[in-house]
Amino acid sequence: MLKRVFGEGFRAFFLAAALWGMISGIIWLIALIAQMSGDGLSLSGPSMAPHLWHGHEMIFGYGTAAIGGFFLTAVPNWTGSPAVRERFIALAVGAWLAARVALWFSGFVPLIFVSLIDLAFVPILALRILMQLLKRPKPQNMIFLLFLLALFIANLLVHLDWHDKLPGGAGDGLRMGLLALCGMIAVLGGRVTPAFTRNAMNRAGLAETRFPATTPRLDKASMVLAVALPWAAVWTNLAAPVAALLALVQGARLVGWRGRWTLDKPILWSLHLGQGMLVIGLTLWALAKWGLGDEIAAMHFLGVGAVGVMTLAVMSRATLGHTGRPLHAPGPIAWGYVMMAVAAIARWLGGGGGMDGDYYYTLLFLTGGLWVLAFALFLFSLAGALTQPRPPRAPVPPVPDERPAGKSSKA
């Protein structure tokens with residue numbers, strides 16, 4: 001089974017992402033219980049504050065595993081390259097897992113070793129992607145290296161703060177890392193959401209006039225703004241305008257993607273939902289930067305709503321498609337999409353969305369519980385697909401011989 005799991009990037013990394021999303025969520029719930037009870041209990045292993053460990057592991061733990069599985073599967077298809085070899089996938093997963101262990105035991109290990117281990121994964125992934133993209137370099141694909149560079153620098157800022165070399169760097173790094181993930185979601189979601197919807201409409205026999213509409217100018221504007229977003233958030237004063245413009249452009253694109261037609265198809269409406277949560281989250285974050293709302297609450301809306309929903313949707317769609325299974329989301333997965341969206345709303349309400357402070361912990365526990373349950377449902381439904389062989393293809397029926405009776409088969 002291990003050979004099979006490490007044989008394709010999406011299998012190993014989607015399993016790792018779902019497991020870590022669930023485990024780290026449980027750890028955070030335990031920390032919240034301790035905080036609420038006033039016991040003063042803290043995470044005994046990590047040397048950083050619990051909330052910083054939590055934010056780091058959601059972005060650079062869960063987030064990088066999800067995008068790692070996607071890129072190691074998609075890039076060979078984009079470039080016509082051979083599939084990534086088992087040995088490299090095992091190496092990459094090992095680097096990612098070593099970072100999780102090092103961060104957890106950072107209170108007992110020299111911090112310089114922790115940083116070197118944790119910072120290694122994204123360059124390993126980026127180098128592999130670069131080698132494949134150079135075989136068929138296209139600007140629309142090469143830009144993902146800019147997102148990976150932003151993720152690396154964001155993580156570096158966090159570690160520099162932990163080394164007391166850059167006070168405040170952790171906050172900037174977490175913000176930059178989250179927005180790098182959101183930028184990738186805007187670009188990738190802008191490709192796969194209308195494309196998958198169009199393919200489904202085509203299979204259903206609909207006329208092309210009903211297919212999702214795309215506007216090249218909006219597509220290019222979205223790509224430029226998405227690339228600029230994580231850099232603008234840290235290095236310029238243009239963070240709020242860039243986020244607001246990206247929300248406006250992405251919202252205009254989303255309107256034309258025929259989301260209403262997908263309402264009875266969870267494997268599709270989940271993609272539209274993820275893009276919708278991105279638009280709302282970017283709007284909330286821009287408003288918060290302008291002093292209208294709580295920035296931390298808006299960032300959680302982006303992290304849970306946009307990143308959580310979209311990665312869950314893409315992981316389930318890719319798992320079904322690449323393991324030769326019907327493209328129909330199992331019932332539990334569909335509920336998982338809904339739970340993730342509700343979790344984002346609950347977290348925003350609990351962190352500055354207008355609810356009374358007495359409900360703060362209740363809403364935080366609701367958020368964490370729904371997050372954990374969504375990944376539990378993903379694993380319950382698709383762990384078998386990620387670990388078992390592809391089902392055998394249905395035999396193709398022979399073409400009937402329509403030659404008139406008595407005729408020879410020779411010309």
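Biologist: In this predicted model, over the ring of which residue does the charged end of Arg128 sit?

Modeller: A charge counts as sitting over a ring only if, for an Arg, CZ is within 6 Å of the ring centre and within 35 degrees of the ring normal. The charged end of Arg128 is placed 5.3 Å from the centre of such a ring, and the ring belongs to Phe88.

Biologist: And how far from the ring centre of Trp78 is the charged end of Arg191?

Modeller: Trp78 belongs to a cluster linked by ring pairs, together with Phe70, Phe71, Phe144 and Phe147. The charged end of Arg191 sits over the ring of this Trp78, and its distance from the ring centre is 5.4 Å.

Biologist: How many aromatic pairs are there?

Modeller: Two rings pair if their centres lie within 6.5 Å. By this rule the count of aromatic pairs is 15.

Biologist: Is the pair of Trp53 and Trp104 stacked or edge-to-face?

Modeller: The ring centres of Trp53 and Trp104 are 5.4 Å apart, and their planes stand at 65°. Planes over 60 degrees apart count as edge-to-face, so the pair of Trp53 and Trp104 is edge-to-face.

Biologist: How many residues apart in sequence are the parts that this pair ties together?

Modeller: Trp53 lies in helix α3, which covers residues 50-79, whereas Trp104 lies in helix α4, which covers residues 86-104. The pair therefore ties together parts whose separation in sequence, in residues, is 51.

Biologist: Is Trp53 buried or exposed?

Modeller: Buried means under 20% relative accessible area. Trp104, at 24%, counts as partly exposed, whereas Trp53, at 1% relative accessibility, counts as buried.

Note on methods: Residues are numbered from 1 along each chain as its sequence is written. This is a predicted model: local features need pLDDT of at least 70, side-chain atom pairs count only at pLDDT 80 or more; totals for chains, interfaces and linings use all residues. Side-chain values use heavy atoms; hydrogens and water are left out. Rings of Phe, Tyr and Trp (its six-membered ring) pair if their centres lie within 6.5 Å; planes under 30 degrees apart count as stacked, over 60 as edge-to-face and the rest as tilted. Helices (H or I, at least four residues) and strands (E, at least two) are DSSP runs, numbered from the N terminus. Buried means under 20% relative accessible area, exposed over 50%, partly exposed in between (1.4 Å probe, protein chains only).
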